[in-house]
Amino acid sequence: MQDSRRSRRVRAAAALLAASALALTAGCESGGGSSAASPAASKKPSPSPSPAWNRSPASIAAIGDSITRGFDACQVLADCPEVSWATGSDPAVDSLAVRLLGPAAPAHSWNYAKTGARMADLPAQMERAAAQHPGLVTVMTGANDACRDDVAAMTPVASFRADFETSLRKLRAVSPTSQVYVSSVPDLKRLWSTGRGSPLGKQIWKLGICRSMLADADDLGPAATRRREAVYERVVAYNEVLRGVCAGDRRCRYDGGAVFAYAFGGTQLSPWDWFHPSRDGQARLAEIAYAQVTAPS
């Protein structure tokens, strides 16, 4: 009798241990009561795919500096927005807006660029652009950050980056689906090399245009060479900022350095200052932008 009771107790204890083990195993597999996550629970969600780039935006807002305003392209020391590479109406330029929007361009494009603007001015310009909820915002700025009275006055790279990041945040806060096309800063050293062949251009440069690069245009001594190289390196650094910050925005497309690499010749430079793009130069910028905006993703 005692052996029978002992056997029943042994069997009951064994059953209890088995049940406990089964519950513990189930708890571990489900994650309940355990600090260890299951493989399914620990798997991170896949990142959202980048939205498809719209190669035919319905509206365009342009921001930036004198290049986008067509400065010195039509007459000396004056803006000429009708020849702007981004939003101009001049048939000889065939601007980005005209190429993309056709007859609707005048009613669906805005130019908020300002002659003399630097990257620090871009956040305010971007706010105006964002208010239109444009399909595309074009950005071309940075030349004036490098074109100062001397190299010490050039915009620090960190400040340049911070203001560009702020600009994109302002756009996303108001118009999150707007696309952004970012032009690289032109190669100012190449512009100096090309323009110094014009006696008239060098006389105009003496009035104070981009002194950090263009001052004493014929001075090839060590100090002048170091000064120009410092400006060149700063422009390269600015372009790397534009590339890197744009890469972090899913709806931003950088031109890959296309404008920086473009060799503006005599006919592409203003006959009044041999520095800003002429009508022909504006047309070349429009070509570059159109190729970049309409390129497959």
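This report walks through a sheet, several helices and one serine in a predicted model.

Residues are numbered from 1 along each chain as its sequence is written, and side-chain values use heavy atoms, with hydrogens and water left out. Local features need pLDDT of at least 70 and side-chain atom pairs count only at pLDDT 80 or more, while totals for chains, interfaces and linings use all residues.

**The sheet**

Helices (H or I, at least four residues) and strands (E, at least two) are DSSP runs, numbered from the N terminus. The open sheet has 5 strands, in the order β2-β1-β3-β4-β5. Their pairing is parallel. Two strands pair if DSSP finds at least two bridges between them. Strands of a sheet pair through backbone hydrogen bonds, either parallel or antiparallel. β2 (109-111) and β5 are the edge strands, and each pairs on one side only. On average, neighbouring strands are turned by 15° against each other, direction ignored.

Strand β3 pairs with β1 (residues 60-64) in parallel, through 5 bridges. Gly64 stands opposite Met140 of β3. With β4, β3 forms 4 bridges, also in the parallel sense. Here Thr138 has Tyr181 in β4 as its bridge partner.

β3 is mostly covered: 5 of its 5 residues are buried. Buried means under 20% relative accessible area, exposed over 50%, and partly exposed in between (1.4 Å probe, protein chains only). Leu136, Thr138 and Met140 point one way from β3, whereas Val137 and Val139 point the other way. Helix α5 (residues 122-130) lies across β1 and β3. It runs at about 170° to β1. Such angles run from 0 to 180 degrees between N-to-C directions, and axes are lines fitted to C-alpha atoms, for helices over the stretch in contact.

**Two helices compared with their expected spans**

The expected span is 1.5 Å times one less than the number of residues.

| Helix | Residues in helix | First to last C-alpha | Expected span |
|---|---|---|---|
| α13 (279-293) | 15 residues | 21 Å | 21 Å |
| α11 | 26 residues | 37 Å | 38 Å |

Both α13 and α11 come close to the expected value. Buried residues of α13 include Gly281, Arg284, Leu285 and Ile288. Among the elements that cover them are α3 (66-69), α4 (96-101), β3 (136-140) and β4 (179-182). In α11, the buried residues include Arg227, Tyr238, Asn239 and Cys246.

**Where α8 meets α11**

Helix α8 (residues 188-195) packs against α11 (residues 222-247) at an angle of about 135°. Their axes are 8 Å apart. That makes α8 oblique to α11. Angles under 35 degrees count as roughly parallel, over 145 as roughly antiparallel, 65 to 115 as roughly perpendicular and the rest as oblique. From α8, Leu188, Lys189 and Trp192 meet Arg228, Glu229, Val231, Tyr232 and Val235 of α11. These contact residues divide into 5 nonpolar, no polar and 3 charged. Ala, Val, Leu, Ile, Met, Phe, Trp, Tyr, Cys and Pro count as nonpolar, Asp, Glu, Lys and Arg as charged, and the others, Gly among them, as polar.

**Ser66**

Ser66 is found in helix α3. Its relative accessibility is 5%, so Ser66 counts as buried. Leaving aside neighbours within four places in sequence, Ser66 is in contact with Phe71, Lys114, Thr115, Gly116 and His276. Contact means heavy atoms within 4.5 Å.
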